[in-house]
Amino acid sequence: MAADAVRAAEAMMAGLYERAAYLRYESKPTFSAKEREGIKRLWSLWLSGEFSERGVAIFLRMFKNVPATQELFHFVKGTPAAQLNSSIQLLFHTTRVVKYIDRVVHNLEHLEDVVAILRELGARHIHYKVPGNYFPHLGVALRQDMADRLGNQFTKEIEQGYVKIWDFIVENLQYGLKTAAC
């Protein structure tokens, strides 16, 4: 019990440290009220409460775009594309990923609230030997899927907002991965 309390306190302190460090950082993405409204509106429209379905769709697209990314996931490594939809492990993983993205989208006004979570998530990826330069591939797949599903509602302005969001996510995942490697 005491060990759990110590771990919880350490995690809280680490989170506060990451938050403070981010707030001091000069190069933070900013979004106007109009950008935030458009990004959130299109996110809700695209997501439609289907975390699992959308997650699988963007991962399948990433695997198609960059086949080497599929090889990082032991539970689908070598699995033919037609059989990927039936992987419970892929479904579980992709749902969690979309929920992390959802958290970022809903915190555009206060990105400092998600920095520690993203950095810790990035650090966990060291155990799976994920190269940091693979993270951007999912952002490309996400934007492609959004463009396909949303058509002309997914404007260049909205796309640029998602580029900024994904750059923020990748920067923090890579930071966590890099610090875990040290």
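**View 1. R149 is partly exposed, with a relative accessible area of 39%.** Here partly exposed is the range between buried (under 20% relative accessible area) and exposed (over 50%), computed with a 1.4 Å probe on protein chains only. The model is predicted: local features need pLDDT of at least 70 and side-chain atom pairs count only at pLDDT 80 or more, while totals for chains, interfaces and linings use all residues. Residues are numbered from 1 along each chain as its sequence is written, and side-chain values use heavy atoms, with hydrogens and water left out. R149 forms a salt bridge with D145, and their closest N and O atoms are 2.6 Å apart. A salt bridge here is a side-chain nitrogen of Lys or Arg within 4 Å of a carboxyl oxygen of Asp or Glu. Because R149 and D145 are 4 residues apart in helix 6, about one helical turn separates them. Through shared partners, salt bridges join R61, D145, D148 and R149 into one network.

**View 2. D145 also pairs with R61 in a salt bridge.** The closest N and O atoms of D145 and R61 are 3.6 Å apart. This pair links distant parts of the chain, since D145 sits in helix 6 (residues 135-150) and R61 in helix 3 (residues 51-65), 84 residues apart. Helices (H or I, at least four residues) and strands (E, at least two) are DSSP runs, numbered from the N terminus. Which of the two partners is buried? D145 is buried, at a relative accessible area of 4%, whereas R61 is partly exposed at 22%. In total, the structure holds 10 salt bridges.

**View 3. Helix 2 crosses helix 6.** The axes of these two helices come within 10 Å of each other, and their crossing angle is roughly 80°. Axes are lines fitted to C-alpha atoms, for helices over the stretch in contact, with angles from 0 to 180 degrees between N-to-C directions. That makes helix 2 roughly perpendicular to helix 6; the class covers 65 to 115 degrees, with under 35 counted as roughly parallel, over 145 as roughly antiparallel and the rest as oblique. Look for L42, W43, L45 and W46 on the helix 2 side, meeting L142, D145, M146, R149 and L150 of helix 6. Contact means heavy atoms within 4.5 Å. Sorted by class, this contact has 7 nonpolar, no polar and 2 charged residues.

**View 4. The buried residues of helix 3 pack against helix 2 (33-47), helix 4 (88-105) and helix 6.** Helix 3 has 15 residues, and the distance from its first C-alpha to its last is 21 Å, close to the 21 Å expected at 1.5 Å a residue. The expected span of a helix is 1.5 Å times one less than its number of residues. Buried in this helix are R54, G55, V56, A57, I58, F59, M62 and F63.

**View 5. T69 lies in the loop between helix 3 and helix 4.** Is T69 buried or exposed? T69 is buried, with a relative accessible area of 1%. Leaving aside residues up to four places away in sequence, T69 touches M62, F63, Y134 and H137. Two of these, M62 and F63, are among the buried residues of helix 3.

**View 6. The buried residues of helix 4 pack against helix 2, helix 3, helix 5, helix 6 and helix 7 (156-181).** These buried residues are L90, H93, T94, T95, V97, V98, I101, D102, V104 and V105. The 18 residues of helix 4 should span 26 Å at 1.5 Å a residue, and the end C-alpha atoms agree, being 26 Å apart.

View 7. Of its 182 residues, 38% count as buried. Among contacts between residues at least 6 apart in sequence, 75% join residues at least 24 apart.

Technical notes. Nonpolar A, V, L, I, M, F, W, Y, C, P; charged D, E, K, R; others polar.
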